[in-house]
Amino acid sequence: MPHSMNRGTPLLRATQLSIQIGGQQILEDINLALHCEEIVTLIGPNGSGKSTLVKTLIGAIKPTAGSVAMDAKRRIGYVPQRLHLDPTLPMTVSRFMNLPRRHQRVDVQQALANAGVEALGNAAMSQLSGGQFQRVLLARALISKPDILILDEATQGLDHRGVADFYKKIEEVRQTYRCAVLMVSHDLHVVMRTADHVLCLNGRICCEGKPERVASSPDYQALFGDQTAQTLAVYQHREAAHAG
Amino acid sequence: MLDDFMWRAALAGVFVGLAAAPLGCFVVWRRMAYFGDATAHAAILGVAMALMFNLSIFAGVLIVSLTMAACVTMLSGRGYAMDTLLGVMAHSALAVGLVAVSFISGIRVDLNAYLFGDILAVGKNDLWVIGGGTLLVLGLLFWRWSALLTATLSDELAHASGIQPRREQLALTLSLAVVVAVALKVVGALLIAALLIIPAATARPFCRTPEIMALVAAAIATLSVTSGLRAAYFFDTPTGPTIVSLAAGLFLLSTIITQGWQYLRQR
């Protein structure tokens, strides 16, 4: 695997993160590193602290203990879980792309094209379908040419086909922009197919490693139960196809 | 020109409309209507304080409104049911203010002027204060515009772009207190929130971007103020309520036009 070989200094490193909110321990002793062009996926049941971890990495939550280290020159592109746009706020796609900083027209067009929504520049945000909306969020995250792309369950509310297309796009984008990707996901078998490194979270990191290792670990099977057998089957099927 | 009270009134009204309209857009987008009400109603308490301690009305109102806005902002992060809390604060501020004014003896206080405005009594000094306040608010909004918009869309999106949503909220809080202080003389404490919200709500259906909405709202506010002033003079009605009635009429017109158009398009 080319990605595991090009290690070196990580782009982003979290060390012994611990987060309490309102006296409640949400996350404990989290260590993670994100390297160049690597796709790291966070999985875990609801309430396991996935979104909290992502918010801490982008600086929206201050950790109670531990630290997040990132080279100041590195840029983060962030795709939120969903964005509630108040109906009283008029917003076109191209205006949204230029928030908070203005960009060249060609750059906006390029980012939209790379996210697969080049025709939507003049559309109103409120008229987009769920899939188009997520693509526009992705395009906005791409416009600053990020070194790290962070996605927080960006496929929520999309249908099966939409989810598969979206992840295919992420793979393409990773190659075009040569950026590292950190994403939270519920779609277990997509995760198993695209990730280089999987972190299984439940208040702390209960197992991590290459997808096949995580999928066969007892901790993971305890958390995801019956879904795992199926996921593992899909994964092994693919492996077999590759070998043959 | 400034010696004519009608010109002074018109200028004061246009200034206040220009400051209130873009700020009002944020009040609408962020669902802060009650927040505006609480801050505006606190102005009456500010009047009482100013009379008690012999401050200028402007300073008294600014201090109390700022305190009120800051209190609400701080409490808002602490898990109270926000609309209940703001309802309590908005009406308590008004009630306590009215009681406080009634305690001040010796000075005849024209309460109506503070509740409903007294735009025809705007003096040259008032005009300077109102103009200065307007410039301050417009400058602050212009400076923070993109950051404010991003923070309005989503806290996380703002953080990821290096913007601190709490700091942007502070800019809005400050602007709101200044607008309340300068608008008190023009439309009065009870109707300031109307001047914030109605032009923005009227503009919404005709706009595709936030900037256009702010501009259209400013134009609608200016139109309401100037025509309201003329109408009040002509019909001899109270000025503040006349201005707001005209704004409400424009809102109704905008709603009928857009709803009618949608109805026709669907047929």
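Predicted model: local features only at pLDDT ≥ 70, side-chain atom pairs only at ≥ 80, totals over all residues.
Six helices of chain B, namely α2 (33-53), α3 (57-76), α4 (82-103), α6 (124-153), α7 (155-160) and α8 (165-187), each contribute at least two residues to the lining of the largest pocket.

By class, the second largest pocket is lined by 16 nonpolar, seven polar and four charged residues.

Next, the aromatic side chains. Over all chains, the structure holds five aromatic pairs. One of them joins Phe26(B) and Trp29(B), edge-to-face, with 5.0 Å from centre to centre and 80° between the planes. Both residues belong to helix α1 of chain B, residues 5-29, and stand three residues apart, about one turn of the helix. Is Phe26(B) buried or exposed? Its relative accessibility is 0%, under the 20% limit, so Phe26(B) counts as buried. Trp29(B), at 3%, is buried as well.

Phe26(B) has a further partner in Trp145(B): the ring centres are 5.1 Å apart and the planes lie at 70°, so this pair too is edge-to-face. This pair links distant parts of the chain, since Phe26(B) lies in helix α1 and Trp145(B) in helix α6 of chain B, 119 residues apart. Trp145(B) is buried, as is Phe26(B). Phe26(B), Trp29(B) and Trp145(B) form one aromatic cluster.

Two arginines also deserve mention. In chain A, the charged end of Arg140(A) sits over the ring of Phe96(A), 5.5 Å from its centre. In chain B, the charged end of Arg144(B) sits over the ring of Trp143(B), at 4.7 Å from the ring centre.

Finally, I come to Cys207(A), in strand β9 of chain A, residues 205-209. Its relative accessibility is 9%, so Cys207(A) counts as buried. Beyond its neighbours within four places in sequence, Cys207(A) has contacts that include Val198(A), Leu199(A), Cys200(A) and Tyr220(A). Asp219(A), 12 residues away along the chain, has its C-alpha atom 6.7 Å from that of Cys207(A).

Conventions:
Residues numbered from 1 in each chain as written. Chains lettered and ligands numbered in written order. Heavy atoms only, no water. Helix = DSSP H or I, 4+ residues; strand = E, 2+ residues; numbered from the N terminus. Nonpolar A, V, L, I, M, F, W, Y, C, P; charged D, E, K, R; others polar. Buried < 20%, exposed > 50% of the residue type's maximum accessible area, 1.4 Å probe, protein only. Contact = heavy atoms within 4.5 Å. Phe/Tyr/Trp six-rings, centres within 6.5 Å; stacked < 30°, edge-to-face > 60°. Lys NZ or Arg CZ within 6 Å of the ring centre and 35° of its normal.
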